[in-house]
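Take a look at the structure below.

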Amino acid sequence: MDREEGWLRFNQRVLELAEDTSVPLLERVRYLAIFSSNLDEFFMVRVAGLKRRLATGLAVATQTGYHPRELLERVSELTHELMLRHAECFTTSVAPALAEAGIRIVRWDQLDDTDRHRMRRYFRRSIYPILTPLAVDLAHPFPYISGRSLNLGVTVRDPNAGGRTFARIKVPTVLPRFIELGGERFVPVEDVIAGHLPQLFEGMEVLEHHAFRVTRNADLEVDEDETDDLVQSLENELLRRRFGPLVRLEVEDTISDPVLRTLREELGAEEGEIFRVPGPLSLAGLDQIADLDRPELRYDPMVPVEPRALQGRVDDLFAVLGEGELLVHHPYESFVGTTERFLALAASDPQVVAIKQTLYRTSGDSAIVRSLIEAARSGKEVVVLVEIKARFDEQQNIRWARTLEDAGCHVVYGVVGLKTHCKLALVVRREGDGSLRRYGHIGTGNYNPSTARVYEDFGLFSADPEVGEDLSDLFNHLTGFSRKRHYRRLSVAPGGLREDLMAQIHQEIGNAARSEPAGIRIKVNSLVDEDIIDALYDASCAGVPVDLWVRGACALRPGVPGLSETIRVRSVLGRFLEHSRVLVFENGGDPRVWLGSADLMPRNLDRRVEALVRVADPEQRARLVDLMELAMADTTASWRLDQFGTWTRVTHDAGGEALLDVQNTLRGDRHLRAVDG
């Protein structure tokens, strides 16, 4: 199946959560915002990539048989449907429900005289000084419209000369998306600006105004083989990002034909790139409403717990790891109390001599970065690989890299031509007998405390010598020169990971042929790699049961007679973003279980540095197998994919009883003992 359509169907599942009236109201608002933000990135990257292939003449058919132009038409059709559905959900369901709860988003024509007077004062004080109306005439060319900016297109007439003039007003990004009126009432910022157009065009007659929004190609292109300074080249490319080609023009459905014609001609928008939807536009800004202090309208707060092995031994983490490996499951188990503590203890422990760390995405105020800085300043050897090409986090990562360098850390930027996506930390500590021991962490998620509260991820802490040697070898590969392909307990991309996965799939095929226990269970964010999919089809034809838990895009067709009859595909979306990657191979009754950073996509297997670690502890393996069984059970609520590419949400059984919710079940798991507070 097509990857682009698969991704849009994932965003449709997000929208279905917003449409679900059983979900707490402000969480529904949040899902509407997430849908909008996701769609922006889809256009900036995936649609932009298709358009670039057409423009460069590389328009060959995809694996699904679509020519890129046909695929763009299909994407445009699906996106139009979803955007209209999104707008309808907001206007006919979520906004009325908010009003019933006392939270009102009102338009300018709904304001009374008191509210308008208040907004006039606010406009003069906080908006008018930063507005810049730009007229379009012989002396003023059509202005550049930056990506994701909200704008007003205004038509005015000179009462003396009689001619009509078009003008554009950009809504400054420093302003809140919704202006608070008081009493949990809000008005869109563009309405406040539109209500004061006579002040901006004094002496002119304002004929009409309409909101519009542009999305542009935001993918970066840096030739690492040609540049002498990767950081400088990337910074220059970031400046050019806002000037990328147009990929979408959003307008309110009330826009007049003459104004739309002006925008279309001046922006060079094709018909399929124009999206007319009910206003207001730019609903990613609904995050502002979702953040309101109304706890009764959102999920009950959850307090992550410390793993049982650490209870009563919070500052003795290295001793705990010396006794055995520790598997942690976020956000049910504390990120702060495990991963952050691991780095904080390493920074302050005088016996620690070296720390090595990868950073792909982190938070704006990162305790982990502060720990690395503290360690370097105290004389420890600190090496940090900062992936400055992490999409949409490039600028922040460049700032972190320079901050770390200033503190005395050795900062590297990975391997030329690859993104370093693996989540690794290595601490080298001098033990009481004078020997050096390595303590490692391999994760499925970023070293980011903010996302760790809402992203579901696993982390494995280990003092096993084999893991330590693997991590040392891998860091040496990342910071120096190495062609190592095979490790002890790690499987690393590019190079060995694809080969290892194919070998294990074929081993399951052989086991099935010998009537030995065989089975494959995989949990990933995306499954679109053609070779892996073909191998899974082969496994199904050999009778191997294949269970796939895929959050996002899935290009595999399950349940096709003679091809994939033994394959089931499920998707779970909810309060937490399912983000971990777990792979289980039955292995004749002695399951081999892996977790790590890699999705099953060509970019992850061939163009990124990724790492999976084999889980050795039998209890931890059983815990991960149980999780996979829970998600795939017919008694568990999920979205289920059929052979035609349709995802169906199943929340109740045939008798009307509610099915189990994976995330709620885990919150009540005695093993985790997560508590509501």
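Predicted model: local features only at pLDDT ≥ 70, side-chain atom pairs only at ≥ 80, totals over all residues.

Residues are numbered from 1 along each chain as its sequence is written, and side-chain values use heavy atoms, leaving out hydrogens and water.

Begin with H1, residues 3–19. Helices here are DSSP runs of H or I with at least four residues, numbered from the N terminus. H1 has 17 residues and spans 24 Å from first C-alpha to last. That is close to the expected 24 Å, which is 1.5 Å times one less than the number of residues. At its start, a side-chain oxygen of Asp2 comes within 3.1 Å of the backbone nitrogen of Glu4.

Is H1 enclosed or open? In H1, 13 of the 17 residues are buried, so the helix is largely enclosed by the rest of the structure. Buried means under 20% relative accessible area, with a 1.4 Å probe and protein chains only.Now turn to H2, residues 25–55. H1 and H2 pack at about 170 degrees, with axes 8 Å apart. Axes are lines fitted to C-alpha atoms over the stretch in contact, and angles run from 0 to 180 degrees between N-to-C directions. H1 and H2 are therefore roughly antiparallel (over 145 degrees). Their contact (heavy atoms within 4.5 Å) includes Trp7 and Phe10 of H1 and Tyr31 and Phe35 of H2.

H3, residues 68–100, also meets H1. The axes of H1 and H3 come within 11 Å and cross at roughly 5 degrees. That makes the pair roughly parallel (under 35 degrees). Among the residues that meet are Leu8 and Leu15 in H1 and Leu78 and Leu82 in H3.

Technical notes. Helix = DSSP H or I, 4+ residues; strand = E, 2+ residues; numbered from the N terminus. Parallel < 35°, antiparallel > 145°, perpendicular 65-115°, else oblique. Buried < 20%, exposed > 50% of the residue type's maximum accessible area, 1.4 Å probe, protein only. Polar contact = N/O pair within 3.5 Å; in protein donor to acceptor, adjacent residues only side chain to side chain.
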